[in-house]
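Please keep the sequence and the model in view while reading.

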Amino acid sequence: MIVVGGATESLSAFPGTNDLVLRKRVGFVKLSLRTGASLVPVFGFGENDIFDQVASEPGTKVRQVQSRIQQIFGFTVPLFYGRGIFNYDLGILPHRRPIVVVVGKPIDVEKIENPTEEDIKKYHELYVAALQELYNKYKDVYAKERVSELRFIA
């Protein structure tokens, strides 16, 4: 499995939200085409709900520092907190909230050693559409308390 969003996506992981960094991430599609491996849409409901994050919305000082660290080192760490061992207000353990992972229908790809931009774009669009469809199918079951819908932010 490849987690596509990386550090950029982790900075947008707030409870009740589902913001994915996927629009410009096409390397996984290129790899799939080169190997002939199917693309399988997978969505984890509740992943963003197990930790709270220090307010680091775009434009804040915290986000500027995090973005600078990401530019220099290639990764960044969100400032998060959860619950404690003996208290439920503050700590580094995750909150006790469910995570449900749903798996969609595999998208079969043809093996192409040197895929063109058109090939990559075609399968990327199929994957994004399948992921959106998977989210729409299960959002009212597993994300009843959401504060926003699925967004592809970058």
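**Salt bridges and their surroundings**

Glu149 and Lys139 are joined through their side chains by a salt bridge, at 3.3 Å from N to O; the term denotes a side-chain nitrogen of Lys or Arg within 4 Å of a carboxyl oxygen of Asp or Glu. Because Glu149 lies in the loop between α4 and β6 and Lys139 in helix α4, the pair ties together parts that are ten residues apart in sequence. Helices (H or I, at least four residues) and strands (E, at least two) are DSSP runs, numbered from the N terminus. The model is a predicted one, in which local features need pLDDT of at least 70 and side-chain atom pairs count only at pLDDT 80 or more, while totals for chains, interfaces and linings use all residues. Residues are numbered from 1 along each chain as its sequence is written, and side-chain values use heavy atoms, with hydrogens and water left out.

The two partners differ in their accessibility class. Glu149 is partly exposed, with a relative accessible area of 35%, whereas Lys139 counts as buried at 17%. Here buried means under 20% relative accessible area, exposed means over 50%, and partly exposed lies in between (1.4 Å probe, protein chains only).

A further salt bridge links Arg146 to Asp140, with the closest N and O atoms 2.9 Å apart. Arg146 counts as partly exposed, at 21% relative accessibility. Through salt bridges that share partners, Lys139, Asp140, Arg146 and Glu149 form one network.

In total, the structure holds four salt bridges. One of them connects Arg151 with Asp19, their closest N and O atoms being 2.7 Å apart. Arg151 belongs to strand β6 (residues 150-152) and Asp19 to strand β1 (residues 18-20), so this pair ties together parts that are 132 residues apart in sequence. Arg151 is partly exposed at 44% relative accessibility, while Asp19 is buried at 8%.

Which helix does α2 approach, and at what angle do the axes cross? The axes of helix α2 (residues 27-35) and helix α4 (residues 117-142) come within 9 Å and cross at roughly 110 degrees. Helix α2 is therefore roughly perpendicular to α4, a class that covers angles of 65 to 115 degrees. Axes are lines fitted to C-alpha atoms, for helices over the stretch in contact, and angles run from 0 to 180 degrees between N-to-C directions. The crossing of α2 past α4 is right-handed, which means that the near helix is turned clockwise from the far one by less than a right angle.

Two further pairs relate sequence separation to distance in space. Val42, in strand β2 (residues 42-45), is partly exposed at 29%. Val42 and Tyr135 are 93 residues apart in sequence and 9.2 Å apart in space, C-alpha to C-alpha. Ser12, in the loop between α1 (6-10) and β1, is buried with a relative accessible area of 10%. From Ser12 to Pro58 the separation is 46 residues in sequence and 9.0 Å in space, again C-alpha to C-alpha.

Helix α3 (residues 61-73) gives the most to the patch, with four residues. Phe80 is located in strand β4 (residues 80-81) and is partly exposed, with a relative accessible area of 42%.

Notes
Angles under 35 degrees count as roughly parallel, over 145 as roughly antiparallel, 65 to 115 as roughly perpendicular and the rest as oblique.
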